Amino acid sequence: MRMVKQLLHHLKYIGHLWKRVLPVSNYKKAIGTMLEACVGEMIGLVTSLEDISVDDSHYLHHVLTLFSHNATALFSDPETEVESSLGSHSPALAQAKLTKNVTLWIKFKTDIAF
C-alpha cells in the first residue's frame, strides 16, 4: 500500500509540473505511458506470487482500486475539460487490463488451490 501511495504521489507531482508546460495531448500521452509501465509492473508482480490468502486478495483488490481511482484523476483537468483520443493510453483501458489480469490471476490461483 505504501509503495502505491508513493507512486501516486510522484505521478501527481510530475503531472502538476508537466501540466504547466506541455500541451494537453502530450501531457496525457506522457502520463498514460508512465501509467502503462506502472500497471505492467504491478501485473508482473501480482502474477509472480505463488500463493495468496483470501484476505490478501481482498487487500490487493483494495490497493488496485485505490490506484485505479487516483490514476484516472491524473487525466482530468477541472479547469479545462478537453476531449481527446488517447488510443492505448486511456485510463479506462489501463483499468480494464489491470482488472482482467487480476481476475484471471485470482481464478487461476483458486483453481490450483482446489
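Leaving aside neighbours within four places in sequence, with which residues is Ile 31 in contact? They are Leu 11, Gly 15, Trp 18, Leu 74 and Phe 75. Contact here means heavy atoms within 4.5 Å.

The model is predicted: local features need pLDDT of at least 70, side-chain atom pairs count only at pLDDT 80 or more, and totals for chains, interfaces and linings use all residues. Residues are numbered from 1 along each chain as its sequence is written, and side-chain values use heavy atoms, with hydrogens and water left out.

The protein has four helices and zero strands. Its elements run α-α-α-α from the N terminus on. Helices (H or I, at least four residues) and strands (E, at least two) are DSSP runs, numbered from the N terminus. Of the 114 residues, 28% count as buried. Buried means under 20% relative accessible area, exposed means over 50%, and partly exposed lies in between (1.4 Å probe, protein chains only). Among contacts between residues at least 6 apart in sequence, 76% join residues at least 24 apart.

The largest nonpolar core has 21 residues. Such a core is a set of buried Ala, Val, Leu, Ile, Met, Phe, Trp, Tyr and Cys residues joined through side-chain atoms within 4.5 Å. Ile 31, Leu 35, Leu 64, Phe 67, Leu 74 and Leu 98 touch the most other members. At least two residues come from each of α1 (2-21), α2, α3 and α4 (91-113). The largest share, eight residues, is supplied by α2.

Helix packing was examined next. Two packed helices are described by the angle between their axes and the distance between the axes. Axes are lines fitted to C-alpha atoms, for helices over the stretch in contact, and angles run from 0 to 180 degrees between N-to-C directions. Angles under 35 degrees count as roughly parallel, over 145 as roughly antiparallel, 65 to 115 as roughly perpendicular and the rest as oblique.

The axes of α2 (residues 24-47) and α3 (residues 54-73) come within 12 Å and cross at roughly 175°. α2 is therefore roughly antiparallel to α3. On the α2 side, the contact is made by Leu 35, Cys 38, Val 39, Met 42 and Val 46. On the α3 side, Leu 60, Leu 64, Phe 67 and Ala 71 take part. By class, this contact has nine nonpolar, no polar and no charged residues. Ala, Val, Leu, Ile, Met, Phe, Trp, Tyr, Cys and Pro count as nonpolar, Asp, Glu, Lys and Arg as charged, and the others, Gly among them, as polar.

α1 and α2 pack at about 165°, with axes 10 Å apart. The two are therefore roughly antiparallel to each other. From α1, Leu 7, Leu 11, Ile 14, Gly 15, Trp 18 and Lys 19 make the contact. From α2 come Tyr 27, Ala 30, Ile 31, Met 34, Leu 35, Cys 38 and Met 42. The classes are eleven nonpolar, one polar and one charged.

α1 and α3 pack at about 5°, and their axes are 10 Å apart. α1 is therefore roughly parallel to α3. Val 4, Lys 5, Leu 7, Leu 8 and Lys 12 in α1 meet Val 63, Leu 66, Phe 67, Asn 70 and Ala 71 in α3. This contact has seven nonpolar, one polar and two charged residues.

Gly 40 lies in α2. Gly 40 counts as partly exposed, at 40% relative accessibility. Gly 40 and Leu 98 are 58 residues apart in sequence, yet 8.2 Å apart in space, C-alpha to C-alpha.
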